[in-house]
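This report describes one protein structure for a reader who is new to the subject. Please keep the sequence and the structure in view while reading.

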Amino acid sequence: MIWNETVECMSREEMRKLQGIRLKRVVERVYHNCEPYRKRMQEAGVSPDDIRSIDDIVKLPFTSKQDLRDYYPFGLLSSPMSEIVRVHASSGTTGKPIIVGLTRNDLAVWKEAGARCLTAYGLGKNDIVQVSYGYGLFTGGLGAHAAVENIGGTVIPMSSGNTQKQIMMMHDLGVKALAATPSYALYLAEAIANSEYPREEFQLKVGIFGAEPWTEGMRRDIEGKLGIKAYDIYGLTEVMGPGVGFECECQNGTHLNEDHFFPEVINSETGEPVAPGEQGELVFSTLTKEGMPLLRFRTRDLTHLIYEKCECGRTLVRMDKILGRCDDMLIIRGVNVYPSQIESVICTMEEVEPHFFITVDRVNNIDTFEIQVEVKEGYYSDEMGKMIALKKKVAHEIQCVVGLQPDIKLVEPRFLQRSEGKAKRVLDKRVFKND
Ligand code: DLL
């Protein structure tokens with residue numbers, strides 16, 4: 001089933017025409033309503049009159065996460081605050097999060113995008129969907145929630161955590177689809193296997209998994225353990241949370257809702273578009289957003305685009321699975337973490353040196369997050385109580401900024417290897433697993 005056949009199966013020519021009209025409109029909007037955009041465009045010598053078709057997009061300057069930080073919290077809004085009905089946030093590279101503001105119409109577009117995803121997964125109004133993405137500033141919970149309501153399904157707004165209750169609800173209410181991070185899905189699968197409920201008693205058939213990279217191996221693992229079909233859902237806070245892209249039944253790439261989110265792939269070093277089909281950094285322009293439209297936003301996600309028509313009948317462009325990132329952002333238990341955030345905390349604490357080493361792994365399907373922190377000479381002590389208190393303090397300060405509790409290992413002064421070049425501060429052991 002296809003939710004919006006007119007758009008999802010539109011000819012390339014028609015789609016480009018629609019994208020061109022919408023691009024012109026959004027460029028006018030930001031130019032007239034958002035000072036930083038106007039300035040940036042003037043510096044680049046481009047005005048709304050220069051945008052006549054979607055091909056003209058390359059004339060526009062890029063936007064980056066740094067811009068969202070520089071204009072924190074509301075400097076990039078293109079609608080008056082009175083039109084903003086919702087705020088979401090995602091982690092930035094230092095203490096401050098990135099804030100986005102959405103209008104009523106933005107929420108309508110979001111739930112339209114979400115409905116296309118769920119329909120592609122074979123879900124409809126008779127289905128019960130358990131949303132185990134976190135509700136709150138993170139877009140996962142509320143984004144998936146609105147999508148289920150839009151297709152007329154029944155949503156169970158579980159949010160994340162409380163695994164035993166998750167399993168009970170899934171079992172007792174006859175849940176057909178689970179929306180969660182793939183790593184949490186794996187964790188749940190193991191917990192179900194160890195629970196009092198036999199797997200045959202579950203109605204679960206579909207997984208709606210995203211918010212972090214996952215491999216084909218992980219897909220097979222989850223599908224086998226839960227006896228379901230696992231689909232990819234892609235999105236990012238700045239552009240629109242879950243629903244920017246989705247897999248269809250062919251599972252041959254992730255379709256992008258390109259009538260709302262125009263994708264480009266560029267060489268991340270030069271900023272030039274790559275040759276068609278070549279890998280590079282994914283860039284999005286929001287074509288219909290009102291609250292905080294983004295022009296040529298650099299996602300830092302690496303992938304390539306596939307323009308051939310898909311066997312499912314959709315013509316919406318597809319992207320390959322996200323192959324990695326061209327910045328140092330880690331996604332740990334679904335939470336975006338930058339080493340620079342940790343550095344910003346450590347550097348303000350007088351008891352520790354500005355030296356640390358992060359190790360991320362996956363044990364029993366749960367991400368582990370350990371940070372070795374070097375204690376300063378005068379603060380290093382044989383007294384256990386003192387060291388435990390310091391460990392707790394460091395963990396707490398980091399949690400306040402990152403939103404995730406690390407396992408702190410305090411080490412003696414000069415324990416960590418010093419680097420002569422770029423400091424190597426991260427070991428991510430997960431990358432080689434599951435495939
Ligand atoms: O993770 C939005 C989301 C929620 C998507 C629920 C899907 C499901 P952020 O927290 O801003 O937003 O993180 C965005 O997560 O740039 C990618 O690096 C990564 N990511 C998101 N979905 C996928 C996916 C949400 N399906 C960042 N595959 C993005 C791989 C993904 N990476």
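The sections below treat the strands, the ligand, the salt bridges and a surface patch of a predicted model.

## The nine-stranded sheet

Nine strands form an open sheet, in the order E4-E3-E5-E6-E7-E8-E9-E14-E13, and their pairing is mixed. Strand E4 (154–156) and strand E13 (305–306) stand at the edges; each has a single partner strand, so one side of each is left without a neighbour in the sheet.

Within this order, strand E5 (residues 177–180) and strand E6 (residues 206–210) pair in the parallel sense, over four bridges. In this pairing, alanine 177 stands opposite valine 206 of E6.

## A buried strand and its antiparallel partner

How much of strand E10 is covered? Strand E10 spans residues 261–266 and is mostly covered, with six of its six residues buried. In a regular strand, the side chains alternate between the two faces of the sheet. In E10, Phe261, Pro263 and Val265 point one way, while Phe262, Glu264 and Ile266 point the other way. The residues of both groups are all buried.

E10 is joined by six bridges to strand E11 (residues 280–286), and the two strands run antiparallel. Phenylalanine 261 has threonine 286 as its bridge partner in E11.

## The surroundings of the ligand

Which residues come nearest to the ligand? Of the 21 residues around the ligand, the nearest are Ala211, Asp232, Ile233, Thr237 and Asp301. For isoleucine 233, a backbone N or O atom lies 2.7 Å from a nitrogen atom of the ligand. For threonine 237, an N or O atom in the side chain is 2.5 Å from an oxygen atom of the ligand. In the side chain of arginine 325, an N or O atom is 3.2 Å from an oxygen atom of the ligand. The ligand taken alone exposes 600 Å², and the protein buries 97% of that.

Two elements give two or more residues to the shell around the ligand: helix H6 (139–150) and strand E7 (229–236). E7 gives the most, with five residues. Aspartate 232, one of the nearest residues, has its place in strand E7. Aspartate 232 has a relative accessible area of 8% and is therefore buried, since the term applies to values under 20%. The side chain of aspartate 232 also makes a polar contact, at 2.8 Å, with the side chain of tryptophan 214.

## Salt bridges

Side chains of opposite charge can pair when their charged atoms come close. How many salt bridges does the model contain? The count comes to 32 salt bridges. One of the pairs consists of aspartate 56 and lysine 59, whose side chains meet at 3.1 Å, N to O. Aspartate 56 counts as buried, at 13% relative accessibility, whereas lysine 59 is partly exposed, with a relative accessible area of 37%.

Another salt bridge brings together the side chains of arginine 425 and glutamate 343, at 2.4 Å, N to O. This pair links distant parts of the chain, 82 residues apart: arginine 425 is in the loop between strand E20 (407–411) and strand E21 (426–428), and glutamate 343 is in helix H10 (residues 339–346). Arginine 425 counts as partly exposed at 21% relative accessibility, and glutamate 343 is partly exposed with a relative accessible area of 31%.

The side chains of arginine 418 and glutamate 374 also meet in a salt bridge, at 2.7 Å, N to O. Arginine 418 lies in the loop between E20 and E21, and glutamate 374 lies in strand E19 (residues 366–375), so the pair ties together parts that are 44 residues apart in sequence. Arginine 418 counts as partly exposed, at 38% relative accessibility, but glutamate 374 is buried, with a relative accessible area of 0%.

## A nonpolar patch on the surface

Which residues form a nonpolar patch on the surface? The patch is formed by Phe74, Met81, Val87 and Leu137, which together have about 330 Å² of accessible area. Among them, valine 87 lies in strand E1 (residues 84–90). Valine 87 is partly exposed, with a relative accessible area of 31%. This value meets the condition for patch residues, which must have over 30% relative accessible area.

Terms used:
Residues numbered from 1 in each chain as written. Predicted model: local features only at pLDDT ≥ 70, side-chain atom pairs only at ≥ 80, totals over all residues. Heavy atoms only, no water. Buried < 20%, exposed > 50% of the residue type's maximum accessible area, 1.4 Å probe, protein only. Pairing = 2+ DSSP bridges. Salt bridge = Lys/Arg side-chain N within 4 Å of Asp/Glu carboxyl O. Patch = residues over 30% accessible without salt bridge, like charges linked within 9 Å, V, L, I, M, F, W, Y side chains within 5 Å. Areas by Shrake-Rupley, 256 points an atom, 1.4 Å probe, with all protein chains shown as cover. Near = heavy atom within 4 Å. Polar contact = N/O pair within 3.5 Å; in protein donor to acceptor, adjacent residues only side chain to side chain.
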